[in-house]
Amino acid sequence: MVRQTGGVSVASSDERAVARPVLTDAVELARTALVQLQEGGVGDYLGVTSEDECAATHRFVADLPGYRGWQWAVVVAADPESDRATVSELALLPGPDALVAPEWIPWDQRIRPGDLSAGDLLAPPAGDPRLVPGYVATGDPEIDDAALELGLGRKQTMSLEGRLDAAQRWHDGDYGPDSEMAKAAPSTCGLCGFYLPLAGSLHGAFGVCGNEMAADGHVVDVTYGCGAHSDTLLPTGAGSPQYDAYDDGAVEVVERAATETEAAAEVTDAEESASTS
């Protein structure tokens, strides 16, 4: 049994030429072949399509768990001079409304930023345009050791394309000038005492935040900003006092109306005083 679409048509009868009678009449032959396959789930007959002069495909509903919308396809064949068809191939194929698996994508195309975890290995692709050759050893220990001390010992360094790509991501990211935090900030990172500029060609555009209460350890755009800028000043009177100020002179004394219970008690007291006098 074949569970794929290779080589067998699932087109409707209207889309294909009408097959020869010896092929179209082989419905029971096709059904019997499926029953003998002993896979089960042979449902209603769906029709026949012509593959060519010598072959046609009969289709049946596949009543199998997990294969909703799939079809059994039985290819029957007959020589142009023959009056008897034979079974050529059987396959389980997805129909127009079948539930099928998504197209497979290689793992190196599925991986996304943030997927790398401890212990994982992720090698750059061959010919990665983000990297260019760095210092190439000469074989002379004195020259090579001096180059290593100067920081030229890396086999590969970031190319101009790689640096521009990284710069664009950082500029457009959460720590760029267009973020909501930056739009509400009183100043920019380039003027902040916690700003640690990067070295190299990105020196003028990016740095690392050193404020643990802000974007600590993140690369920030020089025009990014937040409310924890080193020059931030709180407005006069800012804060959250536990109690509001109490002004004795602002207290207004008012007469409180007596309740019905209190009025009744006063009447009772007056009656008792009158009876004893």
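This is a predicted model: local features need pLDDT of at least 70, side-chain atom pairs count only at pLDDT 80 or more; totals for chains, interfaces and linings use all residues.
Figure 1. Tyr175 is partly exposed, at a relative accessible area of 25%. Together, Tyr175 and Tyr224 make an edge-to-face aromatic pair, 5.7 Å centre to centre with 80° between the planes. The pair links distant parts of the chain, 49 residues apart: Tyr175 sits in the loop between α5 and α6 (180-183), and Tyr224 in the loop between β9 (219-221) and α7 (260-276).

**Figure 2. Trp170 against Phe206.** The structure holds four aromatic pairs, and here is another of them. The ring centres of Trp170 and Phe206 are 5.4 Å apart and their planes stand at 80°, so this pair is edge-to-face; the cut-off for that label is over 60 degrees. Trp170 belongs to helix α5 (residues 160-172) and Phe206 to strand β8 (residues 206-209), so the contact ties together parts that are 36 residues apart in sequence. Phe206 is buried, with a relative accessible area of 3%, whereas Trp170 is partly exposed at 29%.

Figure 3. Of the 15 residues that line the cavity, Cys189, Cys192, Phe194, Cys209 and Cys226 are the closest to its centre. By class, the lining has 11 nonpolar and four polar residues, and no charged ones.

**Figure 4. Arg130 with Asp128.** Now for the salt bridges, of which the structure holds three. In this one, the closest N and O atoms of Arg130 and Asp128 are 2.6 Å apart. Asp128 is buried, with a relative accessible area of 9%, while Arg130 counts as partly exposed at 40%.

Figure 5. Arg169 and Asp165 meet through their side chains, at 2.7 Å from N to O. These residues are four apart in helix α5, so about one helical turn separates them. Both ends count as partly exposed, Arg169 at 48% relative accessibility and Asp165 at 36%.

Figure 6. Lys183 bridges to Glu180, with 3.9 Å between the closest N and O atoms; the cut-off for a salt bridge is 4 Å. Because Lys183 and Glu180 are three residues apart in helix α6, they are separated by about one helical turn. Lys183 counts as exposed at 56% relative accessibility, and Glu180 is exposed too, with a relative accessible area of 62%.

Notes. Residues are numbered from 1 along each chain as its sequence is written. Side-chain values use heavy atoms; hydrogens and water are left out. On a 1 Å grid over the protein atoms alone, a cavity is a set of points where a 1.4 Å probe fits but cannot get out, and a pocket is an open set with protein on both sides within 12 Å along at least five of seven lines; lining residues have an atom within 4 Å of a point. Ala, Val, Leu, Ile, Met, Phe, Trp, Tyr, Cys and Pro count as nonpolar, Asp, Glu, Lys and Arg as charged, and the others, Gly among them, as polar. Rings of Phe, Tyr and Trp (its six-membered ring) pair if their centres lie within 6.5 Å; planes under 30 degrees apart count as stacked, over 60 as edge-to-face and the rest as tilted. Helices (H or I, at least four residues) and strands (E, at least two) are DSSP runs, numbered from the N terminus. Buried means under 20% relative accessible area, exposed over 50%, partly exposed in between (1.4 Å probe, protein chains only).
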